[in-house]
Amino acid sequence: MNRRMFLAKNLDRMIEELGRIVAIPSVLDQGSAGAGRPFGRDVGLALETFLTLADQMGMDTVNYDGYAGEVTLGHGEHMVGILCHIDVVAAGQGWNTPPFQLIRKDDALYGRGSSDDKGPLISSLYAMKYIQEQGLLPADSSIRLIVGADEEEELRCIDYYVKHASRLPDVSFVPDGYFPLVNCEKGLIDFDLIWKGQKRPDAQACIVSLSGGAGRNLTADSAQCRLSVFEKDEKFVLDRLKAVEELSISPDQGDFVVETKGVAAHAMQPEKGKNAINLLLHGLKRSGVLFDRQDFLNAYEQAIGIDLNGQRLGCDFQDERSGILTLNVGVIQLEEAQIRLKANTRYPASFSYEKIRSSLIAGLEKAGFEYQECLSMPPLDIPRDSPLVRKLMESYQEVTGDREHDAFSIGGATYARSIPNAVSFGPLFPGETELAHEANECLSVQSLERMTEIYISALEKLLE
Ligand SMILES: [Zn+2]
């Protein structure tokens, strides 16, 4: 039986089984967590339901204490892996259909998790079933589908799995991203900048509060400060501030509140947004008013200003594969004796973590900031001509006929970074709208068929 015939025969069952697991709202719920179900009752139940299904197909299954599951076909040493997840984000508002029911409408399947990542999970299982039924698994090989249960939150699933699994697959693909394939992801560092400098005694205006931004991974959509101004300086200060276009000023209980508006965008593409923190600090500095925190404003202008790529820090590194470094200051807080800025940088894959870290520290310390690192993730960089990428690209091209789109790089971090020798491979096709995490998440029946055909072909090639 060829792949198309197999799909024609199995499609209805695939959709029915997808419906069964979409109906379990596997959103993290610490409140109902218990033994064997560390992420709550429903996440646990969804994982158990899926493993039972694989078990009934005659595959070997292991439940790693509810953190992750494992479905294995064959016993051979050469192991091809697939990494998916069963947990989903909360439904949120704005659905036209019940989010935890798989509803078929105009050849699209609506429901939370339909595309992220339950659809690709069922698709992967059926790709394995095809290999099993057709007797295509060589004796020296095996296929292992790893199912995480905490991908959307803290990746405790894959951490636990990597610690407890007897071994990891030799090569893997991860149906939790984009087609054709993502083989290069920028490195990432989360860090705080701390300013502990003195206040100026001769200031015309004092910054009594300062805040802005919702998270280090977003450009700030608003920022504000409260100014206390000496009466004798009031006219001068207000005239100067009002001359700066980005600043909006309003009186409030004897003080003045200065605000800026930005546009929130993901920190991996700061140029798509507008950072209100940069606008505020840059605007205050440009006003020519002397602030008590003037030294901080000067230092910020020296180190960051309105840069998006770390130019002033001498960190605007770039390479051909992954583009230029991005740097985003997403949160500002005035704490007792210091100012804290929460930042995130994503650096090109050919640069080392050590190089980036030492360049950041050098630039920031020169301006007078303290650097506090919170988290780092090394880049993912699997060469275009590696057997893994070559074979997956061939499968994609063979099934879709699309030779225009090639393997690409992103600034974001996908689930593929969790295990070695893995790349993100589907399920979103070029031109499809990304609805993961949004209301009315859906998967077209055609995409489900096409991705399954691609995954079958990929397994065939990786098993060769
Ligand atoms: Zn996902």
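View 1. About 760 Å² of area is buried between domain 1 and domain 2, and carbon and sulfur atoms give 54% of that. Keep in mind that this is a predicted model. On the domain 1 side, K186, D381 and G411 do much of the work: they supply 64% of the area that domain 1 buries against domain 2, more than any other three residues. In case you wonder about the unit, the size of an interface is often given as the accessible area lost when the parts come together.

**View 2. The two domains, laid out.** Domain 1 comes in two stretches, 3-186 and 381-463, while domain 2 covers 188-376. Their centres, taken over C-alpha atoms, sit 40 Å apart. Eight residues from domain 1 and eleven residues from domain 2 make up the contact.

**View 3. A salt bridge up close.** Here the side chains of D381 and R321 meet, with 2.5 Å from N to O. Across the interface of domain 1 and domain 2, one salt bridge is found.

View 4. H85 and D116 link distant parts of the chain, 31 residues apart: H85 belongs to strand β3 (residues 78-85), and D116 to the loop between β5 (108-110) and α3 (118-133).

View 5. H85 counts as buried because its relative accessibility is 0%. D116 is buried too, with a relative accessible area of 9%.

How values were computed:
Residues numbered from 1 in each chain as written. Predicted model: local features only at pLDDT ≥ 70, side-chain atom pairs only at ≥ 80, totals over all residues. Heavy atoms only, no water. Helix = DSSP H or I, 4+ residues; strand = E, 2+ residues; numbered from the N terminus. Buried < 20%, exposed > 50% of the residue type's maximum accessible area, 1.4 Å probe, protein only. Domains from an automatic or database assignment. Contact = heavy atoms within 4.5 Å. Buried area = accessible area lost by both parts, 1.4 Å probe. Salt bridge = Lys/Arg side-chain N within 4 Å of Asp/Glu carboxyl O.
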